[in-house]
Amino acid sequence: MRKSLRFLPLAAGLVVVAVLPRVLYPPVALDIVCWALFAVAVDLLLGYTGLLSFGHAAFWGTSAYTAGLVAEHTGAPFPLAVLAGAAAAAVLAVPVGYLSVRRTGIYFAMVTLAFAQLMYVVANQWRGLTGGENGLQDVPRTLFGTHPFGTDLSDPYYFYYWMLPLALLGFLAAWRIVHSPFGRVLVAIRDNPARARALGYPVHRYKLVAFVLSAALAGLAGGLFAMSHQFVTLDTLHWTTSGQAVVMVVLGGIGTLWGAPVAAAILVRLQDILSLAHFEEVGLLTGGVFVVVVLLFRRGIWGTVAALLRRWRIG
Amino acid sequence: MRTIRIRKPLALAAAALVLAGCGGGGPRGGGGSKLTDGKIVLGVLNDQSGGYADLGGKNAVVAVQLAIDDFKAKYGAKAVTKDITVVTADHQNKPDVAKTDAQQMYDRQGVDAIFDVPTSSAALAVADVAKQDKRLYFNISAASDDLNGKSCNKFTFHYAYDTNMLANGTGAADTEGGARNWYLVYPNYAFGQDMTRGFTQAVSKAGGHVVATAGSPFPNPTEDYSSLLLKAASLNPKPDTLGVMQAGADLQNVVKQYNQFKLKDRGIKLAVGLMFITDIHSLGPDALAGTTFTDAWYWNFDQTNRSFANRFYAKTQTRPTFAHAANYSAALNYLEAVQAAGTDDAATVVGNLEGKKINDVFLRNGTVRAADHLVTHDAYLAQVKPSSQVAEPWDYEKIIKTIPADQAFNPPSGDCHL
């Protein structure tokens with residue numbers, strides 16, 4: 001692709017991100033950014049390493065609880081709380097990843113799911129810390145006080161712009177990982193682990209590092225999600241949360257990086273429209289969309305668009 | 001590559017979907033001084049599909065609509081506005097859904113006051129939103145005393161009842177009536193935890209003893225309480241009373257299983273923390289006959305209540321629970337306060353309501369307590385009639401005594417700083 005064309009999606013993406021809370025209801029814009037980053041983290045593992053994690057809610061939720069607890073008990077400014085959450089997710093990912101990257105395919109998915117369910121039960125039982133079913137309520141959101149530079153941080157509109165740099169940092173990290181020699185090795189491992197091993201790459205170790213990086217990004221997203229809602233519930237650790245992220249990746253296009261955010265935007269917006277229309281069975285419709293995309297558009301939304309762009313360029 | 005051609009519409013459709021029906025963007029607006037946008041919107045946020053759907057649910061919307069009709073009929077052309085509507089949402093008893101819904105109601109639907117919100121964890125989340133958005137919230141169906149304790153705020157009123165009212169009534173009365181050793185089972189979330197705390201205090205104060213407590217998951221999709229109930233017989237000392245703190249459909253399941261296991265024959269009597277008339281109706285009065293409990297309002301108590309119940313029945317084909325009556329009363333008193341203040345500005349309306357003494361179809365000797373926004377009123381100690389004494393459909397309760405407002409509720413806890 002020519003250089004000018006390559007930066008076109010980037011420029012368009014930045015413009016969209018910049019105006020999102022002006023055109024959409026700000027809490028929805030916040031949700032889109034958080035879910036987009038979460039889905040990118042899953043894509044990093046699924047699309048570029050070939051590992052389908054069905055337990056990424058463990059990292060999203062662990063980080064959400066950590067960020068919430070740090071903010072509540074220490075009054076730390078929100079970026080610090082979020083980074084603490086991401087760090088906690090990365091630390092958790094080391095043993096989980098160590099035990100699960102030895103398996104592939106469905107076994108890997110099951111092991112990660114098991115760990116996520118474990119975290120769910122722990123959070124549900126450890127009521128003194130997590131509040132159990134009540135969740136962590138009224139998490140404080142501060143940065144140089146509650147009104148940095150005259151903007152009301154409790155207003156989701158302003159908070160969006162304060163949290164955006166952190167989220168963009170996450171997207172940048174994902175992009176950098178994919179377009180690095182390390183990222184190329186991951187793709188090689190995905191396509192042919194035996195050959196990668198024969199070339200002298202320690203496959204398990206590479207997978208473990210990819211797993212921890214992906215968990216840290218999922219944690220970053222989860223921490224931002226907790227801060228956006230000022231509220232952490234057990235749902236953040238529920239298996240449906242892992243499922244939703246995987247659905248976003250498949251819908252957007254596996255291994256495209258751009259697809260996941262697009263699909264996240266569509267799904268979050270769709271849920272918003274449906275809830276405004278008092279349509280309760282949201283899963284029915286999102287599931288239907290999923291089935292249609294998987295059956296008719298194997299490459300997902302972004303994969304299809306990219307193919308189109310390529311065709312235009314050639315034609 | 002014939003198939004590629006149909007993919008362009010997909011991408012376009014996706015983009016269109018994200019931007020479809022744009023609006024609601026930008027920073028939050030400030031409150032106006034008169035009626036914002038010339039209308040009043042009331043929001044009813046509650047459970048419309050789960051275990052608490054019968055006690056409030058869609059019929060709570062009917063009750064609020066009745067209040068709107070009565071307000072319009074009373075003031076006619078002199079009303080602050082003729083444009084009063086009610087919107088509603090189902091929070092599925094999930095605190096995060098409740099929080100999002102409440103935010104949507106205030107920000108996007110222009111709701112001036114939210115009513116109802118059963119499930120204490122959800123109610124606490126909505127109270128947070130009310131505080132942040134500086135809009136009113138009248139809690140009706142949630143009982144946690146944190147709502148008027150450590151989580152209280154200027155824009156939240158705790159209207160119908162609370163865990164202390166239930167514990168003071170039932171816990172004390174049953175203990176004085178011979179219940180010495182209690183085994184408490186509770187749903188493990190804010191409401192159940194507060195109920196257990198309240199009952200433990202009330203029982204010990206009356207000279208009884210709580211032998212053990214056990215929590216059940218909430219929500220409890222398995223509907224299985226057998227392990228909790230069967231434990232009762234093995235406790236030492238053996239309890240003589242099972243205190244059930246579950247509510248709504250959960251309560252009904254516990255009572256059914258209590259009867260299946262014949263715990264009564266094993267010398268363990270039933271005490272119920274919170275019961276609505278709809279629960280008795282679902283189970284049938286014989287499943288509960290003789291059980292005493294605290295009620296905040298009973299439809300067949302006097303002629304005033306009865307005539308409201310008749311109007312309610314005409315629209316819903318059921319008798320109102322105390323939550324329905326309280327929704328009606330809260331909505332009407334909110335509208336009266338807006339009328340008196342001449343504005344829907346939340347802070348002004350709060351000022352009008354604080355300290356107000358009210359007597360209406362729901363509130364008897366009612367006071368909107370300024371210190372913690374708890375609305376206190378007379379409560380009732382009731383007993384479930386056996387079916388042989390039920391004179392007409394829904395006539396399930398015998399009111400044993402009226403508990404005066406100052407005894408029914410605890411004084412302000414001191415944890416609340418408005």
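Here is a short walk through a sheet, a histidine and some aromatic rings.

This is a predicted model, where local features need pLDDT of at least 70, side-chain atom pairs count only at pLDDT 80 or more, and totals for chains, interfaces and linings use all residues. Residues are numbered from 1 along each chain as its sequence is written, chains are lettered from A and ligands numbered from 1 in the order in which they are written, and side-chain values use heavy atoms, leaving out hydrogens and water.

**Stop one: a sheet in chain B**

Select β6 to β9 of chain B: they make an open, parallel sheet of four strands in the order β7-β6-β8-β9. Helices (H or I, at least four residues) and strands (E, at least two) are DSSP runs numbered from the N terminus, and two strands pair if DSSP finds at least two bridges between them. β7 (209-216) and β9 (269-272) of chain B are the edges; each has a single partner strand, so one side of each lacks a neighbour in the sheet. From one strand to the next, the twist averages 20°. Axes here are lines fitted to C-alpha atoms, for helices over the stretch in contact, with angles from 0 to 180 degrees between N-to-C directions.

**Stop two: B:His91**

Jump to the loop between β2 (84-90) and α3 (95-108) of chain B, where you'll find B:His91. Buried or exposed? B:His91 is buried, at 0% relative accessible area (buried is under 20%, exposed over 50%, partly exposed in between, with a 1.4 Å probe and protein chains only). Its side chain reaches the backbone nitrogen of B:Asn93 at 2.8 Å.

**Stop three: rings**

Show B:Phe71 and B:Tyr75: their ring centres are 5.0 Å apart and their planes at 50°, so this pair is tilted. (Rings of Phe, Tyr and Trp, the last by its six-membered ring, pair if their centres lie within 6.5 Å; planes under 30 degrees apart are stacked, over 60 edge-to-face, the rest tilted.) B:Phe71 is buried at 1% relative accessibility, while B:Tyr75 is partly exposed at 21%.

Next, pick B:Tyr159 and B:Phe362, a stacked pair with 6.4 Å centre to centre and 20° between the planes. The pair ties together parts that are 203 residues apart in sequence.

Key. Polar contact = N/O pair within 3.5 Å; in protein donor to acceptor, adjacent residues only side chain to side chain.
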